[in-house]
Amino acid sequence: MKDNTTKTGWLGLPPLVVGLGAVVAVVIFGWQFLLAESELEVLGLVALAAVAGWAGGKTGLTGSLNEAMRGHGRTMNGAIMIGLLAVIGLLSEEHFPLLMLTTMLLYLTVGLGLNVQFGLTGMVNFAGAAFFGIGAYTSAVLTTHSAVPPLLILIGGGLMAAAIGFLLIVPVVRTAGHYSAVVTIAFGVLFKTFLEVNDVLGGPQGLMVDSMKLFGWDFNDGPQLFGIEMSFYVNYALLGGGLAVLAFMLTQRLERSWLGLALDSVRLDETASACFGVNVVRAKVLAFTFGNILVGVAGSLYGMMISFIAPNSFTFADSLLMVSIVLLGGLGSLWGTAVAAVIVVLLPEKLQILQEYRFLLFSGLVIVMLLYRPQGLLPRGVRQFFPSWRPQR
Amino acid sequence: MSDILLEFEGLAKSFGGVRALDGLDMSVKRGEIIGLIGPNGSGKTTSFNVMTGVYSPTQGRVRFDGQDITGLSPRKVYEAGIARTFQRSRLCLPLSIFDNIMIGNHARVNNGLWFNLMNRRGLRQQVEDGYAKARDLVAGFSSNLADRMFDPVGALPMIERRRIEICRALVSSPKLLLLDEPSAGMTHDETAQLMDDILAVRDRMGDLSIIIIEHEMGVIERLTDHCVVLSYGKKISEGSYAQIAADSEVQTAYLGVD
Amino acid sequence: MDIGLLGQYLANGMMLGTMYALVAVGFTLFFGVLDVIKFSHGDVLMLGSFTGFTAYLGVLAVGIVNPWLTLVAILVVSITTTAALGAVIARYLVLPLKSAPPLNILLITLMLGTALREAVRLFYPDGSNPKAFPALLPTASVDLGGFALRADSAILMAAGIAVIIGLNLLINRTRLGLAIRAVAQDEETAKIMGINYTMIVLLTFGIGSGAAAFAGIMNGLYYNEINFGMGLLLGLIGFSAAIIGGLGNIYGAILGGFLFAGLQTVGAVALPFASAYKDVFAFGVVIALMAWKPTGLIAERSSDRV
């Protein structure tokens with residue numbers, strides 16, 4: 001029974017109105033934020049967002065938004081997708097803002113993959129940048145040395161990440177906690193060292209990556225619409241957005257399924273899970289592979305977009321930045337990951353003074369988070385299968 | 001169908017030099033409630049762990065319902081029909097009551113990747129069926145609890161958590177239920193309530209067999225048909241509660257005097 | 001292969017093994033008392049060598065030129081400062097998270113390591129460039145049948161091994177060591193026995209960090225160069241060594257340290273294509289070892305009570 005359509009929420013408005021209003025506000029904010037040029041402007045917008053977030057929590061806006069997402073999931077999801085398209089459309093002639101937006105969307109995809117591994121299943125992957133790099137290098141090799149259609153290369157990047165992940169499956173599944181951490185850390189460092197000393201993959205200088213092409217349409221040509229020449233990044237933003245939306249949908253469905261329950265149960269108590277018939281090995285393999293595929297596909301598209309990759313883009317520090325996204329957003333919290341991806345990717349890009357200090361800044365931020373708010377910025381709610389379903393009996 | 005549901009034959013388990021189980025023979029009939037008692041460290045919980053596949057035995061065999069389950073993985077043992085609770089509550093505290101119980105139902109739902117990601121309608125049907133089942137089980141213990149199926153378990157008091165642990169073990173309709181010190185951490189009144197619950201469950205579930213580890217002798221006296229007393233991994237006595245209570249060897253094992 | 005080259009590899013491998021063992025011992029000590037991994041250990045080591053370098057600059061500015069005196073000053077300043085830093089980290093970042101999930105401490109110290117690394121890079125004068133660490137030890141060498149053993153290498157190795165033996169004696173033969181082992185065995189019982197728990201934890205972190213500073217100075221003297229990023233790889237190697245050996249076991253850590261150095265050396269000697277792959281090879285073997293022995297060669301005591 002759905003009785004929440006009549007419920008009123010924030011400021012006496014129905015939740016759906018609040019929800020749609022929030023989407024519009026975020027679209028306008030995102031558009032202005034990505035366009036903002038001066039540091040002062042950016043700082044002002046950051047302050048505005050912080051105040052809005054804080055006030056929203058205090059006045060019950062967050063509750064209303066949750067209500068909207070729960071009761072009107074489809075409408076809200078549609079609105080968010082249209083909102084994303086609107087931002088891309090509004091920025092269609094701006095190279096740099098679109099590049100940032102797409103990078104953020106790809107990091108969101110990465111964050112979702114790592115969240116399935118870490119947040120849901122409890123397996124921390126400290127080699128996120130390595131799997132991202134596997135995707136990117138797959139793109140580099142296949143776009144320049146084969147005639148494989150680029151769309152298949154994206155999938156290939158994901159499969160390659162999964163396949164190399166399989167080499168780690170035995171130690172990762174058999175070990176737990178610190179022992180498992182050392183496996184992925186060692187792999188992350190090994191991967192970068194390997195790239196640096198391997199001449200076939202370009203050594204420290206890296207490789208060129210050819211562009212994305214879809215049915216003969218080269219993504220590095222700006223599309224023309226109504227006589228306006230748009231930035232070629234529009235193509236990547238649209239594809240990156242589609243990828244992030246697909247990743248979000250799949251991750252959310254995974255979380256809200258029997259498999260998601262198994263992942264949570266394995267994280268919380270492996271021994272007890274096994275005693276109740278949960279196939280622990282299958283759950284871990286599934287989560288690890290699912291996550292690596294998302295990370296690999298995102299890396300693959302990233303390589304095509306920036307068209308030049310080198311080992312220095314896939315360091316251990318980058319892996320830690322990816323883990324930071326998951327931790328800052330909140331373990332297991334998908335919307336939290338989205339918010340954290342915005343903060344971690346966009347903030348240092350927009351505030352150039354921060355760029356140099358970003359690793360220091362975010363490591364400090366995560367330390368403070370772990371000490372005082374370990375549940376993250378947007379803590380995950382109680383797990384549910386169908387949020388709109390409340391059996392009355 | 002044999003009358004004997006579970007049988008141990010010379011079961012032994014060593015940890016380093018310590019023999020936690022030392023040649024244990026024991027059998028459980030269908031529908032019987034067995035009390036497993038003995039001083040701390042006498043091998044009671046170890047016998048549960050060996051039975052459920054958490055540890056594999058150093059020696060000996062476990063036969064259950066006509067098949068040899070020695071050394072099977074915990075998952076296979078569970079699928080064969082043995083479910084348990086733990087000495088220290090091992091529920092998933094951030095998850096809802098419903099989710100915790102559904103963990104016990106895991107082997108009976110569709111775990112296919114495609115089904116779970118793409119067939120939301122089919123999943124919805126399975127979730128609703130599971131809900132009906134879980135709610136009925138919980139309602140058998142407490143109607144108050146049945147109205148809070150979507151609350152996280154972490155918010156509940158100990159006795160409710162024990163009830164949910166038992167529901168999680170019962171949801172797969174096991175043939176044998178292992179209860180590891182269900183009264184631990186509860187008051188006298190709460191223990192009495194829980195005992196009523198367990199007896200009610202047994203009446204409802206027909207020929208469910210139960211092995212219960214307990215230190216509270218009142219519980220053992222009230223619930224069990226038959227008792228087995230362990231000391232240093234060996235069986236030192238068995239019989240009805242009255243018989244073992246009168247056994248001088250049992251008193252020696254507990255009090256440590258001759 | 002000729003004997004001279006073999007000797008060179010052997011000496012280098014022993015030197016690396018000693019350094020790795022010193023780092024690994026720290027990891028295993030921390031794990032012993034608190035069941036935690038403090039990943040910032042490698043970067044604490046780096047900070048130790050930078051502190052030593054700063055002390056050297058200070059001594060130089062005062063006008064002392066005697067290399068032995070300089071060395072003593074470097075060691076004293078670096079080890080005491082780093083030990084204090086280790087205790088501070090334990091007090092303010094590790095102990096507050098003791099009841100949180102164990103991975104949180106790994107995460108917070110990983111982040112701390114990054115923060116230390118970045119802080120040195122950004123705020124130490126010209127921190128992003130390598131620093132030339134002075135060669136303070138005599139460089140005379142003796143010829144051992146085609147292989148020249150240099151005095152500085154011999155001294156460094158002897159000193160490193162002496163510190164390892166000293167740490168071992170400290171843990172196994174002294175009252176302080178007894179208290180540390182008591183805390184490692186069972187926190188509650190140790191408290192009941194009248195052991196000042198917090199003090200022992202802080203001391204343990206101080207000792208482990210001091211050992212790391214020593215390894216950092218050793219590293220500087222051996223390579224005559226230090227840089228802000230040196231701690232990451234050394235920390236990871238120390239962590240891997242402690243893990244391969246089996247966490248919480250001091251002999252395991254030493255074994256792991258020498259094993260890792262052995263792997264690198266074998267990798268450098270035996271891989272026909274390029275010795276540049278030696279680290280790839282060594283970490284590859286670590287991963288394979290974890291698949292084979294998930295809790296290390298000398299297994300950790302199991303803590304999961306069912």
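**Labels and their grounds**

Author: Keep in mind that this is a predicted model. Strand β4 (residues 59-64) of chain B pairs with β5(B) in the antiparallel sense, over two bridges.

Reader: What makes β4 and β5 of chain B a pair?

Author: Pairing needs at least two bridges between the strands. β4(B) and β5(B) have two bridges, so they count as a pair. On β5(B), D68(B) is the bridge partner of R63(B).

Reader: Which strands of chain B are called edge strands, and why?

Author: β2 (18-29) and β5 (67-68) of chain B, because each pairs on one side only. The open sheet has four strands in the order β2-β1-β4-β5, with antiparallel pairing.

Reader: What lies across the strands of chain B?

Author: Helix α1 (residues 44-51) of chain B lies across β1 (4-15), β2 and β4. The helix runs at about 70° to β2(B).

Reader: How many residues of chain B are in contact with chain A?

Author: 30 residues of chain B are in contact with 27 of chain A. α5(B) gives the most to that side of chain B, five residues. By class, the side has 16 nonpolar, six polar and eight charged residues.

Reader: Which residues touch the most other members of the largest nonpolar core?

Author: A186(A), V23(C) and V25(C), out of 292 residues. Helix α8 (residues 197-223) of chain C gives the largest share of this core, 15 residues.

Key: Residues numbered from 1 in each chain as written. Chains lettered and ligands numbered in written order. Predicted model: local features only at pLDDT ≥ 70, side-chain atom pairs only at ≥ 80, totals over all residues. Core = buried A, V, L, I, M, F, W, Y, C linked by C-beta atoms within 7 Å. Buried ≥ 20, exposed ≤ 12 C-beta atoms within 10 Å, placed from the backbone. Contact = placed C-beta atoms within 7 Å. Axes fitted to C-alpha atoms, helices over the stretch in contact; angles between N-to-C directions. Nonpolar A, V, L, I, M, F, W, Y, C, P; charged D, E, K, R; others polar.
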